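Good morning, colleagues. Please bring the sequence and the structure up on your screens, and I shall then take you through several of their features.

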Protein chains: 2
Amino acid sequence: MNSFENTSEVIAVLGGTGNLGSAIARRLAMAGRNVIIGSRTAESAENAAQALGHNARGMANADAARGADIVIVTVPFSAHEATLREIAPHVAGKLVVDTTVPLVPPKVMRVQLPKEGSAAQRAQAILGEGVSIVSGFHNVAAHKLITDEEIDCDVLIFGDEKAARERIVALAELMGMRGIHAGALANSAAAEALTSVLIFINKTYSADGAGIRLTRLHTAE
Amino acid sequence: MNSFENTSEVIAVLGGTGNLGSAIARRLAMAGRNVIIGSRTAESAENAAQALGHNARGMANADAARGADIVIVTVPFSAHEATLREIAPHVAGKLVVDTTVPLVPPKVMRVQLPKEGSAAQRAQAILGEGVSIVSGFHNVAAHKLITDEEIDCDVLIFGDEKAARERIVALAELMGMRGIHAGALANSAAAEALTSVLIFINKTYSADGAGIRLTRLHTAE
């Protein structure tokens with residue numbers, strides 16, 4: 001990629017004050033990317049942006065989406081549909097990255113995929129075909145991503161357009177992780193479901209943020 | 001486990017002349033377990049058993065299920081329902097291990113989970129609540145399992161009963177793999193879906209049997 005394009009591109013992280021969102025925003029900002037933190041209120045977004053530094057800005061989710069080229073959605077599943085409907089007028093022709101895992105409390109250790117097949121397909125249904133959707137980052141432990149530690153987890157990236165996936169595979173690598181092309185958006189069901197499995201495994205084996213690594217694969221790490 | 005119980009227990013591998021089934025039967029027989037290979041016809045099952053040796057026997061699927069304590073189902077998804085209906089009269093109170101991945105040709109690289117949520121839940125619906133069902137071995141490359149190579153892939157084991165899961169985690173380890181408790185039978189959707197992702201990854205990265213390893217987990221390997 002051209003580094004000028006990289007730095008001029010604006011990335012909004014919606015739900016950017018949450019655990020996963022703040023970790024993604026931090027890694028992208030530290031890598032020199034132009035980041036807008038989105039949150040329900042402009043005030044909390046601005047506070048988070050100020051705390052982050054690196055010229056990050058904070059805005060309400062809709063304004064953040066309006067001002068960005070890539071919109072990363074990191075809200076809880078309970079806020080998924082409302083957030084997507086709120087940003088829908090502002091993301092036509094843009095790339096939306098959905099990180100949402102359809103956890104349904106209280107049984108978060110049990111796979112409960114939505115009727116559309118996956119949260120990612122639900123996002124596509126809500127935003128329509130004019131929006132390019134990629135999903136990923138489902139299996140990364142947010143409390144590890146917020147640190148400077150190496151992340152011992154591959155990032156499966158799903159999407160129906162290879163070029164769009166490639167942009168997010170590159171972002172994952174910029175954030176210090178191995179991004180893997182994992183197929184169509186429908187395949188997002190695998191990583192979304194795996195998150196409940198990992199929560200179960202963390203509890204059963206007293207693991208601190210279990211992840212997955214693909215084996216027998218030879219890619220640049 | 002008590003080794004006397006181990007060796008007296010009879011394990012049927014239905015679809016045992018197929019790629020995955022023959023590999024599982026071979027590893028179990030070589031580990032000293034009492035194996036029956038099941039197939040659509042007794043003749044092909046007997047031939048496979050004779051080729052395998054280790055006192056393995058061959059029978060038609062229904063007879064194999066009748067004679068076994070543990071029944072491992074390794075048939076293609078297209079034969080899943082018919083095979084389960086055929087063995088249903090013979091597996092009450094037994095442990096059925098479903099390895100079926102709901103691949104729907106020609107789009108086998110695309111996740112297409114059945115309406116029940118997973119093949120494993122479909123098996124439970126067909127066999128009824130009187131049968132204990134565990135699922136696993138979805139992500140292991142059969143052409144590696146048939147060799148004596150070390151398998152660089154963890155085996156996620158799903159089931160609603162912990163004791164039943166534990167028996168199959170132990171079987172996976174007997175076969176030389178790390179078995180992992182991965183939660184309720186509903187969670188089988190994760191590993192079933194992941195198989196389509198792995199097929200995509202094999203093609204995209206020219207990998208020869210990509211698998212997964214859980215990270216940040218400390219179990220006996």
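I shall discuss the contact between the chains, then the nonpolar core, and finally a pair of helices. Please bear in mind throughout that this is a predicted model.

Let us begin with the two chains. Together, chain A and chain B bury about 3,200 Å² between them, and 64% of that area lies on carbon and sulfur atoms. Chain B contributes 40 residues to the contact, and chain A contributes 40 residues. On the side of chain B, Tyr205(B), Thr215(B) and Arg216(B) provide 22% of the area that this chain buries against chain A, more than any other three residues.

I turn now to the largest nonpolar core, which has 40 residues. Which of its members touch the most others? They are Leu156(A), Ile201(A), Leu156(B) and Ile201(B). At least two residues of this core come from each of strand S7, helix H9 and strand S9 of chain A, and likewise from each of strand S7, helix H9 and strand S9 of chain B. Leu156(B) has contacts in both chains: among them are Leu194(A) and Ile201(A), as well as Phe137(B), Ile180(B) and Leu214(B).

Finally, consider two helices of chain A. The axes of H5, residues 80-87, and H6, residues 119-127, come within 10 Å and cross at roughly 35°; the crossing is right-handed. From H5(A), His80(A), Glu81(A), Leu84(A) and Arg85(A) meet Ala119(A), Arg122(A), Ala123(A), Ile126(A) and Leu127(A) of H6(A).

Thank you for your attention.

Technical notes
Residues are numbered from 1 along each chain as its sequence is written. Chains are lettered from A and ligands numbered from 1 in the order in which they are written. This is a predicted model: local features need pLDDT of at least 70, side-chain atom pairs count only at pLDDT 80 or more; totals for chains, interfaces and linings use all residues. Side-chain values use heavy atoms; hydrogens and water are left out. Axes are lines fitted to C-alpha atoms, for helices over the stretch in contact, and angles run from 0 to 180 degrees between N-to-C directions. Helices (H or I, at least four residues) and strands (E, at least two) are DSSP runs, numbered from the N terminus. A crossing is left-handed if the near helix is turned anticlockwise from the far one by less than a right angle, and right-handed if clockwise. Contact means heavy atoms within 4.5 Å. A nonpolar core is a set of buried Ala, Val, Leu, Ile, Met, Phe, Trp, Tyr and Cys residues joined through side-chain atoms within 4.5 Å. Buried means under 20% relative accessible area, exposed over 50%, partly exposed in between (1.4 Å probe, protein chains only). Buried area is the accessible area (1.4 Å probe) that two parts lose on being put together, summed over both. Lists of a residue's contacts leave out its neighbours within four places in sequence.
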